[in-house]
Amino acid sequence: MSDSISVAQGREYLAIPGPSVIPDKVLQAMHRASPNIYEGELSDMTAGMIPELKRVARTRHNAAIYICNGHGAWEAALANVIVPGDKVLVPATGRFGHGWGEVASALGAQVDLLEFGKSSPMNMDRISTELRADTAHAIKAVLAVHVDTSSSVRNDIAALRSVLDDAGHPALLMADCIASLGCDRFEMDSWGVDVMVTASQKGLMVPPGLGFVFFNDKAAARHAALPVVSRYWDWEPRANPQEFYQYFGGTAPTHHLFGLRAALDMIHGEGIDHVWARHERLAGAIWAACDAWGQDNGPLRMNIADPAHRSHAVTALRLETGQGTALREWLAQNMGLTLGIGLGMAAPDDPARHGFFRLGHMGHVNGQMILGLLGSLETGMTALGIRHGRGAIDAAATIIAGR
Ligand SMILES: *Cc1c(COP(=O)(O)O)cnc(C)c1O
């Protein structure tokens, strides 16, 4: 049908929901000789970054840093507030909700799972009923994923706080902001979140390898009341170090810290409100294009139907069986563009999984990148004969232009 000259040579674009695109400034900051880990620049720089991290998290409370990925941050947070036998409530809206629950379960917690499916946000009434039924207050924590990266749903964490308060339930509210921090608005203190976990490789624009746990005084009191806490995961010496090595429980992640320093400069230079507004604008352009492609019997659908419940960091999509994988492969081979696989939407041996894919649009992304992403998607659908409605790029351009 067509001549196929690959136009993939050039700068590649990894548009998966983490790791995200690393800014040149971050890469350049990391490209240097090892610093002294005992005194000088590195320890001063680290101390100075703690308040700036808290500004991104919108908290005035405590921050602990770990050398780990998001799974490690999950375990770190739980190890400070949960002991075997404790009950935790897990309202799951995708694969990552289940994942955090599995980590809690492996630490000996009794997991009370509330399943909300793969394309809906949490139902606050069901959570309320569950909490009110727990009159003995056996539930010690609610593990809530803000943006579930598998489904791309965004949950209303402030509403969840109200549900806890209205039920008079003392459980800790713990939020996973691994996908959302620095992308979707999140307000730890004003939304009443007790513990928040995140990681370096998404909205923070640094390679994978740093996990962060933020916690308030209520969570600190719970920690203080535990009979034992794992030495390595203990957040107390990391948040209040007497010696520099205690920030990291050993050798500092030197180069990640230089990268993080540069990333925080970028975030605060732009301003966190503007960072959120940029992600919202670009997400709106993606949704407008997807709506247009879905017209005229085009099979493309966004996984989350209601825009009010969609993340601004990641978009989960579906085509017909086989088309999602075919499109990803075509774009990687022909355009130098890598999209995310579908995650948790179908079993690994179910051919239906090849209909799903995801776009990461978190962190270091701008208008020309998103228009390039959308133009490439349209090119791929054209090349593969995947039916799609017209006018997607027009619609996206109109949103980006603010018209
Ligand atoms: C990416 C992600 C994780 C897991 O992080 P890893 O670094 O892969 O361990 C957990 N939760 C959410 C919401 C994520 O987006």
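## Cavity, ligand site and backbone of a predicted model

Tyr13, Leu14, Ala15, Ile16, Ser20, Val21, Gly360, His361, Met362 and Val365 line the largest cavity. A cavity is a set of points, on a 1 Å grid over the protein atoms alone, where a 1.4 Å probe fits but cannot get out; lining residues have an atom within 4 Å of a point.

This is a predicted model: local features need pLDDT of at least 70, side-chain atom pairs count only at pLDDT 80 or more, and totals for chains, interfaces and linings use all residues. Residues are numbered from 1 along each chain as its sequence is written, and side-chain values use heavy atoms, with hydrogens and water left out.

The structure holds one cavity of 30 Å³ or more. The volume of the largest cavity is about 40 Å³. Volume here is the space filled by probe spheres set on the grid points, which are joined across faces, edges and corners. Seven lining residues are nonpolar, three are polar and none is charged. Ala, Val, Leu, Ile, Met, Phe, Trp, Tyr, Cys and Pro count as nonpolar; Asp, Glu, Lys and Arg count as charged; the others, Gly among them, count as polar. Strand 1 (residues 13-15) gives the most to this lining, with three residues. Strands (E, at least two residues) and helices (H or I, at least four) are DSSP runs, numbered from the N terminus.

The loop between strand 1 and helix 1 (24-30) contains proline 19. A cis peptide bond joins glycine 18 to proline 19, with omega about 0 degrees. Serine 152 sits in another setting, the loop between strand 6 (147-148) and strand 7 (153-154). Serine 152 is not a glycine, yet has a positive phi of about 65 degrees. Most residues other than glycine have a negative phi, and most peptide bonds are trans.

Now the ligand. There are 13 residues around the ligand, and His71, Thr149, Asp176, Gln201 and Lys202 come nearest. A residue counts as near if one of its heavy atoms lies within 4 Å.

| Side chain | Ligand atom | Distance |
|---|---|---|
| Histidine 71 | oxygen | 2.5 Å |
| Threonine 149 | oxygen | 2.3 Å |
| Aspartate 176 | nitrogen | 2.7 Å |

The protein covers 89% of the 380 Å² of accessible area that the ligand has on its own. Accessible areas come from the Shrake-Rupley method with a 1.4 Å probe.

An unreviewed UniProt entry places "domain: Aminotransferase class V" at residues 65-340. Such annotations may be inferred rather than shown by experiment. Over residues 65-340 the chain is 39% helix and 20% strand, with the end C-alpha atoms 27 Å apart.

Technical notes:
On a 1 Å grid over the protein atoms alone, a cavity is a set of points where a 1.4 Å probe fits but cannot get out, and a pocket is an open set with protein on both sides within 12 Å along at least five of seven lines; lining residues have an atom within 4 Å of a point. A polar contact is a pair of N or O atoms within 3.5 Å; within protein, one must be able to donate a hydrogen and the other to accept it, and residues adjacent in sequence count only if both atoms are side-chain atoms.
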